[in-house]
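Thanks for coming. I will go through one structure today, and I will keep it short. Please look at the screen.

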Amino acid sequence: KIEPNMKDSLVKVLKRKGILTTPDYLYDGEFKDDLKEGFGRINFNSGEVFEGWFLNGMKNGKGKSITNK
């Protein structure tokens, strides 16, 4: 039997915070199974920024995009 406070600990172990750098963008946020999952921020080389929620490596749910003009 898993106690309620143990479930919280398991979630923290399964999701990790980190930074991913690619030729096109920098992602700073949460990961699960090496995919973007949870809350994060992408800074694209173009100057655009996306901040919001991710699921299975893709944008998912609420978020906001900011563009520099």
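Asp28 has a relative accessible area of 32%, so it counts as partly exposed, since that label covers values between 20% and 50%. Keep in mind that this is a predicted model, so every value I give is computed from it.

What does Asp28 form a salt bridge with? The partner is Lys17, and the closest N and O atoms of the two are 3.1 Å apart. Lys17 itself is exposed, because its relative accessible area is 64% and the cut-off is over 50%. As background, side chains of opposite charge can pair when their charged atoms come close.

Now the strands around that pair. β1 and β2, the latter being residues 25-32, run antiparallel and are joined by six bridges. Lys17 also has a residue opposite in β2, and that residue is Glu30. In the loop between β1 and β2 we find Thr22. Thr22 is partly exposed, at 22% relative accessibility. The C-alpha atom of Thr22 is 9.5 Å from that of Phe44, a residue 22 positions away along the chain.

Next, the whole sheet. Five strands make it up, in the order β1-β2-β3-β4-β5, with antiparallel pairing, and the sheet is open. Its edge strands are β1, residues 16-21, and β5, residues 58-66, each of which pairs on one side only. From one strand to the next, the twist averages 15°.

How many salt bridges does the structure hold? There are three.

Arg41 and Glu51 meet through their side chains, at 3.0 Å from N to O. This pair links distant parts of the chain, with Arg41 in strand β3 (residues 35-44) and Glu51 in strand β4 (residues 49-55), 10 residues apart. Glu51 also meets Lys64 in a salt bridge, here at 3.9 Å from N to O. Lys64 belongs to strand β5 and Glu51 to strand β4, so this contact ties together parts 13 residues apart in sequence.

Put together, Arg41, Glu51 and Lys64 form a network of salt bridges.

Definitions and conventions:
Residues are numbered from 1 along each chain as its sequence is written. This is a predicted model: local features need pLDDT of at least 70, side-chain atom pairs count only at pLDDT 80 or more; totals for chains, interfaces and linings use all residues. Side-chain values use heavy atoms; hydrogens and water are left out. Two strands pair if DSSP finds at least two bridges between them. Helices (H or I, at least four residues) and strands (E, at least two) are DSSP runs, numbered from the N terminus. Axes are lines fitted to C-alpha atoms, for helices over the stretch in contact, and angles run from 0 to 180 degrees between N-to-C directions. Buried means under 20% relative accessible area, exposed over 50%, partly exposed in between (1.4 Å probe, protein chains only). A salt bridge is a side-chain nitrogen of Lys or Arg within 4 Å of a carboxyl oxygen of Asp or Glu.
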